[in-house]
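The sequence and coordinates come first.

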Amino acid sequence: MAKNIQAIRGMNDYLPKDTALLQRIEGTLKKVLEGYGYSEIRLPIVEQTPLFKRAIGEVTDIVEKEMYTFDDRNGDSLTLRPEGTAGCVRAGIEHGLLYHQEQRLWYIGPMFRYERPQKGRYRQFHQLGAEVFGLHGPDVDAELILLTARWWKALGIAEHVKLELNSIGSLEARANYRNALVGFIEQHVDVLDEDCRCRMYRNPLRLLDSKNPDVQAMLNDAPRLSEYLDEASRAHFTGLCELLAQAGIPYTINERLVRGLDYYNHTVFEWVTTNLGAQCTVCAGGRYDSLVEQLGGRAVPAVGFAMGLERLVLLVQALNPDFTAPPTIDVYLISSGAGAQVAAMQLAERVRDALPQLKLMTNYGGGNFKKQITRADKWGARVALILGENEVAALQVVVKDLRSGEQETLAQSETATRLAQMLS
Ligand code: ATP
Ligand code: MG
């Protein structure tokens, strides 16, 4: 017998039992985005490799070791997108959406990174991201944070995610800080692990979020990024902190938060949780005022974030069981006997015409009435509609309330009106 072919490690199937919850969560997230006036943008999953190298930066985990890159039949180097911002900026420039305009955009979809799969970390995962272009003030940064805070409330997990903030300043301020930091690290090279040694000149700020405790301890005495911030960066950051305080959003300033990607400046933020083990960041973002220009557009300020949907789902499952209740239907249509098949289909379609919101499922595959009622219960139906030979002949239907057990016989033409009363 042939060997079964299995899914690729770290790339998951989402089965009906999972998709119901996913749709519910996504529906909640989209409603909030709409409420803030954000519009969806849909982008290709594959882009030219240089786009990611230029946007994300060569000395990053993603570009160094996580991208799925391949040559297509023309010999062009293509990459499965590891994140959404680069493609969004590429599309914005290509379609003239960015210059002299304001855009509030969101996207959702699969991202691909070659990582070691574990809980909350996969090779195909999904992000919902938002990007705002053309606005430079801290008020937009605050809006994005308020929007995400509203998500957590709507999903019932607000108590379990915490906001961490930092400012990484302007490119210039960071360059000055970089020199001071490298100078300090050079005196402590013995503490560095292999990874940090590779990075200390190429991307020294990444040492700040190293997970190595010895490196973290050594950095306690290092120069602080906040001392190197220029006036404009300081004002932007103070502005943001004030807006968040006014809005009642608690936060902590984490001076070691620098984010993995090169393109950020000014604000960086993460929503973190202690409920997901090592995979503690649910949502991460920041300002990236130089990226549009770096990718060939005219300079446009921008800020955005990306949220990992799988981590969010794990949190909601763990913390808000109400939200994860399986979906149910309203009405289950049962039929048996001569002419019942046609009559059932006609009745179902007529009821759907009258009540488009109703969730009505028709029994197929036969079975006696008792068996069909069991199926109705399995789907959590409130009401069963029953068509036997007598009802079909008399153009009637039996309407059974599956909670109280009461039933009545009606003309088929009255079905929708009666259902609307019972389910209101
Ligand atoms: P981490 O430090 O966990 O590797 P990251 O800094 O690489 O995260 P970002 O590139 O900022 O992550 O992506 C934003 C969000 O996307 C993360 O906070 C997380 O929720 C989610 N995410 C990133 N990588 C993965 C992955 N491999 N599997 C599942 N979710 C992921
Ligand atoms: Mg990562």
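## Aromatic contacts and the strands around them

Phenylalanine 133 and tyrosine 288 are both buried, where buried means under 20% relative accessible area, exposed over 50% and partly exposed in between (1.4 Å probe, protein chains only). The model is predicted: local features need pLDDT of at least 70 and side-chain atom pairs pLDDT 80 or more, while totals for chains, interfaces and linings use all residues. Residues are numbered from 1 along each chain as its sequence is written, chains are lettered from A and ligands numbered from 1 in the order in which they are written, and side-chain values use heavy atoms, with hydrogens and water left out.

The structure holds nine aromatic pairs. Rings of Phe, Tyr and Trp (its six-membered ring) pair if their centres lie within 6.5 Å; planes under 30 degrees apart count as stacked, over 60 as edge-to-face and the rest as tilted. Two of the pairs are tabulated here.

| Pair | Centre distance | Plane angle | Class |
|---|---|---|---|
| Phenylalanine 133 and tyrosine 288 | 6.2 Å | 85 degrees | edge-to-face |
| Tryptophan 151 and phenylalanine 305 | 5.6 Å | 85 degrees | edge-to-face |

Phenylalanine 133 belongs to strand 6 (residues 124-133) and tyrosine 288 to the loop between strand 10 (281-287) and helix 10 (291-294), so their pair ties together parts 155 residues apart in sequence. Helices (H or I, at least four residues) and strands (E, at least two) are DSSP runs, numbered from the N terminus. The pair of tryptophan 151, in helix 5 (residues 138-155), and phenylalanine 305, in strand 11 (residues 302-308), links parts of the chain 154 residues apart. Tryptophan 151 is buried at a relative accessible area of 0%, and phenylalanine 305 is buried at 2%.

Strand 10 has seven of its seven residues buried, so it is largely enclosed by the rest of the structure. It pairs with strand 9 (residues 265-272) in the antiparallel sense over six bridges; pairing requires that DSSP finds at least two bridges between two strands. Cysteine 283 in strand 10 stands opposite tryptophan 271. Strand 10 and strand 11 also run antiparallel, joined by five bridges, and glycine 285 has phenylalanine 305 in strand 11 as its bridge partner.

Arginine 298 lies over the face of tyrosine 99, 4.2 Å from the ring centre; the criterion is NZ of Lys or CZ of Arg within 6 Å of the ring centre and within 35 degrees of the ring normal. Arginine 24 lies over the face of phenylalanine 323, at 5.2 Å from the ring centre.
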